[in-house]
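Please examine the following structure with attention to its confidence and to its aromatic side chains.

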Amino acid sequence: MGKNKFRPKPMVEDPLPEPELVMEFEGRKPEKEEKEEVQQVDENELRRKEQRRLRRKKIRSALDGSAVLDGGLQKYGWLVLYAFFWAMLLITNNYVSESVVRESSRIKGELKELQFRQISSQTELLQISRQSSVADKLQGTGVKESLIPPYKIKEVKE
């Protein structure tokens, strides 16, 4: 089997020479002030290295999942549930809005079809109610078309 690429490798730190040895090598005598200054610089550098190491450790633990298993779920469980709640709410909202859009487009199509039916039935009614088509339909019944045009009947008041 291959190597585990996600296993954190041990950090190798470059050994720093002790200030006394450096001064001895250079032929100087150690002074108290230099020693304190070097020690302070070393502490700052060690602090920075430790912060970098912790950052890398956090990133590695997040990537390989050990952060969740080692107590991250207990620590950030409420945040995970909150994010899950909002994700479900957004998914539900998207689903409902899509179904509303589909329903409105279906109703619009149905409305257009009903408008076309209304127009066709109106034209059919106009054709049936014409005087000539009524006369054609009543031809065999003995009812005939009037040859005298209609006139107004006026009532005479005494």
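**Confidence and an aromatic surface patch**

In this predicted model, confidence is highest in helix α3, with a mean pLDDT of 91, and lowest in helix α1 (residues 19-26), where the mean is 68. The protein as a whole averages a pLDDT of 82, and 73% of the residues reach at least 70. Where pLDDT is low, the predicted coordinates should not be read in detail.

A nonpolar patch lies on the surface, formed by Tyr 76, Trp 78, Leu 79, Tyr 82, Phe 85, Trp 86 and Leu 89. Together these residues present about 790 Å² of accessible area. Leu 79, one of the members of the patch, belongs to helix α3, which spans residues 66-128. Its relative accessibility is 41%, so Leu 79 counts as partly exposed, a class that runs between 20% and 50%.

A pair of aromatic rings is described by the distance of the centres and the angle of the planes. Across the whole structure, 2 aromatic pairs are found. Tyr 82 and Trp 86 make an edge-to-face pair, with 6.1 Å centre to centre and 75° between the planes. Because Tyr 82 and Trp 86 are 4 residues apart in helix α3, about one helical turn separates them. Phe 85 and Trp 86 also pair edge-to-face, at 5.6 Å centre to centre and with 70° between the planes. Through these ring pairs, Tyr 82, Phe 85 and Trp 86 are linked into a cluster.

Tyr 82 counts as partly exposed because its relative accessibility is 48%. Phe 85, at 48%, is likewise partly exposed, and Trp 86 is partly exposed at 38%.

How values were computed. Residues numbered from 1 in each chain as written. Predicted model: local features only at pLDDT ≥ 70, side-chain atom pairs only at ≥ 80, totals over all residues. Heavy atoms only, no water. Patch = residues over 30% accessible without salt bridge, like charges linked within 9 Å, V, L, I, M, F, W, Y side chains within 5 Å. Areas by Shrake-Rupley, 256 points an atom, 1.4 Å probe, with all protein chains shown as cover. Salt bridge = Lys/Arg side-chain N within 4 Å of Asp/Glu carboxyl O. Helix = DSSP H or I, 4+ residues; strand = E, 2+ residues; numbered from the N terminus. Buried < 20%, exposed > 50% of the residue type's maximum accessible area, 1.4 Å probe, protein only. pLDDT = per-residue confidence, 0-100. Phe/Tyr/Trp six-rings, centres within 6.5 Å; stacked < 30°, edge-to-face > 60°.
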